[in-house]
Amino acid sequence: MSLAPLFTVPDAMGMRRAMGRFLTGVAVVTTKHEDELYGMTISSLTSISLEPPILMISLNFGTRTGEALLESGKFAVSILGSKQESIARRFAVRGGDRFGEGDFDVTDNGLPVIKGALAQADCTVVQTYDVGDHQVFFGQVTTCRDRDGEVLAFKAGRFGSFSDFGHAEIPWMF
């Protein structure tokens, strides 16, 4: 029987390593400001409320996407499927032309979303917070759509897929 490691106050890498154990989905957030498109890959996406429908995203301070999102007050989210890793990688790199290649749909707010994504949501910012080294945005979902498919997963710095245990779906409404 081995002993568990001692609890310690985490430095930045320790925190990243510990939270990297949590499997997440992968999404691309996009916005538009003064006719310029912005976007980046995120894994910090959470559904906060069903009535009204509210999503939360979290972006590092100083990102061009975050700054544009603050100015525009709107964003779109595309939840990526397991065959869209190359898109996740393209939107994860600093700089470069993220919108020059690939196929996009356009939301009612005029924002690009990734064609073929498992889910797409168009949001209007209702609240922002500065927390630690991140900007947190709460967006009311104005329109959304989804389709079946395998999700692109992210864990410990690696992309992968998710396999369920074959159980019946658990109802969300209690």
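**A buried loop residue and the antiparallel sheet**

In this predicted model, Ala117 has a relative accessible area of 6% and is therefore buried, the cut-off for that class being under 20%. The residue is located in the loop that links β8 (112–114) with β9 (119–131). When residues up to four places away in sequence are set aside, Ala117 is in contact with Ser78, Ile79, Gln84 and Arg147. A separation of 9.5 Å is found between the C-alpha atoms of Ala117 and Ser82, although these two residues lie 35 residues apart along the chain.

Strands of a sheet pair through backbone hydrogen bonds, in either a parallel or an antiparallel manner. Here, seven strands make up an open sheet with antiparallel pairing, arranged in the order β3-β2-β6-β9-β10-β5-β4. The edge positions are taken by β3 (36–42) and β4 (45–50), each of which has a single partner strand, so that one side of each is left without a neighbour in the sheet. From one strand to the next, the twist averages 30°. Within this arrangement, β2 (residues 27–33) and β6 (residues 74–79) run antiparallel and are joined by four bridges, and Thr30 has Ala76 of β6 as its bridge partner.

Helices are also placed against the sheet, as follows. Helix α2 (residues 64–72) lies across β2, β3, β5 (53–60), β6, β9 and β10 (134–146), and its direction is at about 55° to β2. Helix α3 (residues 85–92) likewise packs on the sheet, where it touches β2 and β3, and the direction of this helix makes about 115° with that of β3.

Technical notes
Residues are numbered from 1 along each chain as its sequence is written. This is a predicted model: local features need pLDDT of at least 70, side-chain atom pairs count only at pLDDT 80 or more; totals for chains, interfaces and linings use all residues. Side-chain values use heavy atoms; hydrogens and water are left out. Helices (H or I, at least four residues) and strands (E, at least two) are DSSP runs, numbered from the N terminus. Buried means under 20% relative accessible area, exposed over 50%, partly exposed in between (1.4 Å probe, protein chains only). Contact means heavy atoms within 4.5 Å. Two strands pair if DSSP finds at least two bridges between them. Axes are lines fitted to C-alpha atoms, for helices over the stretch in contact, and angles run from 0 to 180 degrees between N-to-C directions.
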